[in-house]
Amino acid sequence: MATTQSTRVRRAVQRYAASIDELRGVTDAYVALVTRLLDDAGINYLTVSGRTKTVESFAGKAARRLPGGRLAHPKPLTDITDQIGVRVVTYVLADVDAVAQLLSSQLAVLEDRDMGQETAAAGRFGYSSRHLLVGLGEDREEPGIPRERPASVQIRTVLQHAWAEFEHDVRYKGSVSAEHAPDFDRRFTLAAGLLELADQQFGSLAAFKDALVKEGYSCPNWSQTNVMISAAESGSCSTDDVLATYASEESKQKGMEDFKSVQADLASLDASSSPDTEDKGVIYGKNWSLNTHDVTKWQEKLGGNIVR
């Protein structure tokens, strides 16, 4: 049986090697298709890139065996579905879902995995990326893409991408001794958690408020007032705080400059008074801000940068 399986793998690798030039052309065609779909939909993204699985990588995956000795991919040429890979890197987390929804509406989705949700469900921080296996489906034709050739599409933010590349290079390509492995695992887990917070962007003020409450923030008297000129939405949980979300980076920067200006005016008027010992300030995140007490505590929970 082992000899039969080895022969099957060898033949599959030979056939794959013979088709590698064709696969590279299909990869280019998928990259062009995904790029065109994103541009037509007006979705903002950093890069769209592609890669064709190398013969060496295909051979290694084709030869992979399960604990009982059976091949993990009995039919390598069809079971290995990431022969053609496309990667979309977005700026913000919300656009990962937007890209996935767009591709689902335009292409046939054969598989959809949210690696971040799977990692979180296991109670861990770590690799986050949306993986779609897509094909043309019955009703679509595209030059250079055979109907039987699917593509594996990874969708991730620029921070998720940086994390994945760094972890792969250090953890898997680097030489970490068994003695230091637990400490590296702990540090990688901490870094992944901080990156997840830094990537957080809220689609509405209500979503931001709900996320704060989930983290233990007290919000006894919620009122959405929208009084902040630079913010898309703003409100308060009490007389001592202001929550805000912003429509753009420019409007967030304007809000930050306005706060600094007010603080400078107050300081000049109150220069003779004793220094304020309360931990006050504003935390600015991806598209949100929180003006409250105990800003150091809440920065540790939410991420972002403190401005006092």
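How many aromatic pairs does a search of the whole structure find? Please start there, and then follow the packing wherever it leads.

Analyst: Happy to. Bear in mind that this is a predicted model. Searching the whole structure turns up three aromatic pairs. One of them is formed by tyrosine 16 and phenylalanine 58, and it is stacked, with 4.1 Å centre to centre and 5° between the planes. That pair links distant parts of the chain: tyrosine 16 belongs to helix H1 (residues 2-18) and phenylalanine 58 to helix H3, 42 residues apart. Tyrosine 16 has a relative accessible area of 0%, so it is buried. Phenylalanine 58 counts as buried too, because its relative accessibility is 0%.

Phenylalanine 208 and tryptophan 288 make a tilted pair, 5.0 Å centre to centre and with 35° between the planes. Since phenylalanine 208 lies in helix H9 and tryptophan 288 in strand S10, the pair ties together parts that are 80 residues apart in sequence. Both phenylalanine 208 and tryptophan 288 are buried.

H9 covers residues 205-214, and it lies across S6, S7, strand S8 (242-245) and S10, running at about 130° to S8. On the other hand, helix H10 (residues 249-269), which also packs on the sheet, touches strand S9 (281-284), S10 and S11, and its direction makes about 165° with that of S9. Back in H9, the buried residues are Leu205, Phe208, Lys209 and Leu212. Because they cover an arc of only 95° around the axis, they sit on the same side of H9. As a general point, an α-helix has 3.6 residues a turn, so residues three or four places apart point the same way. What covers those buried residues of H9 includes S6, S7, S8, S10 and helix H11 (295-302). After H9 comes glycine 216, with a positive phi near 105°.

Next, the sheet itself. It is an open sheet of six strands in the order S6-S7-S8-S10-S9-S11, with antiparallel pairing. Strand S6 (223-224) and strand S11 (305-307) are the edge strands, each pairing on one side only. At the S6 end, S6 pairs with strand S7 (residues 233-236) in the antiparallel sense over two bridges. Serine 223 stands opposite serine 236 in S7.

Strand S10 spans residues 288-292, and serine 289 is in it. Serine 289 counts as buried because its relative accessibility is 3%. Its side chain makes a polar contact with the side chain of tyrosine 246, at 2.8 Å. Setting aside neighbours within four places in sequence, serine 289 is in contact with Phe208, Val242, Leu243, Ala244, Tyr246, Val282, Ile283 and Tyr284.

So where does this leave us? Phe208 turns up among the contacts of serine 289, and phenylalanine 208 is also in the tilted pair with tryptophan 288. H9 lies across S10, and S10 is among what covers the buried residues of H9. If you trace one thing on screen, follow H9 across to S10.

Technical notes
Residues are numbered from 1 along each chain as its sequence is written. This is a predicted model: local features need pLDDT of at least 70, side-chain atom pairs count only at pLDDT 80 or more; totals for chains, interfaces and linings use all residues. Side-chain values use heavy atoms; hydrogens and water are left out. Helices (H or I, at least four residues) and strands (E, at least two) are DSSP runs, numbered from the N terminus. Buried means under 20% relative accessible area, exposed over 50%, partly exposed in between (1.4 Å probe, protein chains only). A polar contact is a pair of N or O atoms within 3.5 Å; within protein, one must be able to donate a hydrogen and the other to accept it, and residues adjacent in sequence count only if both atoms are side-chain atoms. Contact means heavy atoms within 4.5 Å. Two strands pair if DSSP finds at least two bridges between them. Axes are lines fitted to C-alpha atoms, for helices over the stretch in contact, and angles run from 0 to 180 degrees between N-to-C directions. The arc is that of the directions from the helix axis to the C-beta atoms. Rings of Phe, Tyr and Trp (its six-membered ring) pair if their centres lie within 6.5 Å; planes under 30 degrees apart count as stacked, over 60 as edge-to-face and the rest as tilted.
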